[in-house]
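Trainee: I would like to go through some strand assignments and the reasoning behind them. Can we start once the structure is up?

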Amino acid sequence: AVAGGLSYSAVGGGAGHFCGESTSLGVVCWGWNQNGQLGDGSTTSRLAPTPVVGGGGLSGIAVGMWHTCALDGGGAASCWGFNTWGQLGDGTTVSANTPVDVSELSSGLTARAAGLSHTCAVTSGGGVKCWGLNSSSQLGDGTTSSSSTPVDVTGLSSGVTALAAGAKLTCALTNSGNVKCWGELGEGAAAGTPVDVTGLSSDVTALAAGYDHICALNAGGGIKCWGDNWSGQLGDGSTFTSDTPVDVTGLSSGVTALAAGYYHTCAVIDGGGVKCWGFGISGQLGNGTAWRTTPVDVLVEGSASPAETPTATAFPTQTPTST
């Protein structure tokens with residue numbers, strides 16, 4: 001992808017800030033920055049991509065609500081931004097506007113995910129460690145005690161290949177193609193340690209998490225989603241919350257990649273097209289509609305009417321919540 005004059009290998013977004021892995025400058029970020037989540041040594045918001053301090057050696061970004069994490073070439077983790085709940089993992093609750101090292105994770109990490117106020121990572125042996133807010137057991141250690149340093153996720157000492165983190169929920173994809181989740185599972189239910197997600201085939205290849213919904217892509221290119229659905233972010237044609245996976249209408253095959261925003265979801269289709277569904281009042285569905293409960297095509301540039309095209313505005317004041 002090319003944006004802002006740079007070529008990117010990956011991008012991720014939080015609550016008003018984005019970060020990307022550029023091929024020339026390493027990790028760069030832009031957007032809101034009053035909590036230091038851009039990592040450029042300031043708390044000044046940026047309209048254009050700005051290099052993270054030391055970001056030339058970083059990759060594997062994970063963008064949380066108001067914090068960001070990345071890996072270096074040896075698999076060590078560092079994080080920056082808001083840190084009231086220890087989500088930076090450095091043993092403190094002091095926010096940082098440049099990257100700080102995550103305690104005890106100095107090498108060998110292969111994947112990471114950042115939620116509202118917590119972060120998780122996969123070790124070289126396929127185990128999972130998490131840190132930060134734990135009010136809904138999103139750290140997966142069987143407690144609700146928050147931690148500013150990494151803790152082991154119970155029962156996941158090996159076999160994990162990928163992670164996805166929602167606001168207060170974390171899910172792991174295993175090397176057998178199964179999915180396990182922990183934290184706030186919906187409808188008031190919570191799991192202190194990982195539980196199997198029922199209703200999925202055992203050939204899941206990728207996960208994507210929004211604020212309070214999760215989607216899974218299987219080897220056949222089909223998508224199932226579960227969780228909150230007030231804006232149609234599950235894509236099944238309804239606005240009913242589902243604690244078990246439901247089929248996304250019209251996407252039983254042919255999907256090659258997926259991503260989830262706070263209250264919307266998008267998928268890349270064979271041939272390079274993109275479809276999105278859910279909440280779209282700010283233009284995030286890419287087709288000028290305010291919300292959709294089933295997938296719709298993202299329009300090519302110039303095909304939306306001017307009234308439907310979002311315009312740039314000044315950065316509003318942003319204050320993190322404590323939950």
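Mentor: Two strands pair if DSSP finds at least two bridges between them. The model is a predicted one. In strand 19, the bridge partner of Ala206 is Leu217.

Trainee: What makes strand 18 and strand 19 a pair?

Mentor: At least two bridges are needed. Strand 18 and strand 19 (residues 213–218) have 5 bridges in the antiparallel sense, so by that definition they pair.

Trainee: Why is one side of strand 18 and of strand 21 left without a neighbour in the sheet?

Mentor: The sheet is open, with 4 antiparallel strands in the order 18-19-20-21. Strand 18 (204–209) and strand 21 (242–247) are at its edges and have a single partner strand each, so one side of each has no neighbour there. On average, neighbouring strands in this sheet are turned by 20 degrees against each other, direction ignored.

Trainee: Why is strand 11 called largely enclosed?

Mentor: Buried means under 20% relative accessible area. In strand 11 (residues 118–122), 5 of the 5 residues are buried, so the strand is largely enclosed by the rest of the structure. His118, Cys120 and Val122 point one way, Thr119 and Ala121 the other.

Trainee: Which strands does strand 11 pair with?

Mentor: Strand 10 (residues 111–114) pairs with strand 11 over 4 antiparallel bridges, and Ala113 has Cys120 as its bridge partner. Strand 12 (residues 128–132) is joined to strand 11 by 5 bridges, also antiparallel, with Gly132 as the bridge partner of His118.

Technical notes. Residues numbered from 1 in each chain as written. Predicted model: local features only at pLDDT ≥ 70, side-chain atom pairs only at ≥ 80, totals over all residues. Heavy atoms only, no water. Helix = DSSP H or I, 4+ residues; strand = E, 2+ residues; numbered from the N terminus. Axes fitted to C-alpha atoms, helices over the stretch in contact; angles between N-to-C directions. Buried < 20%, exposed > 50% of the residue type's maximum accessible area, 1.4 Å probe, protein only.
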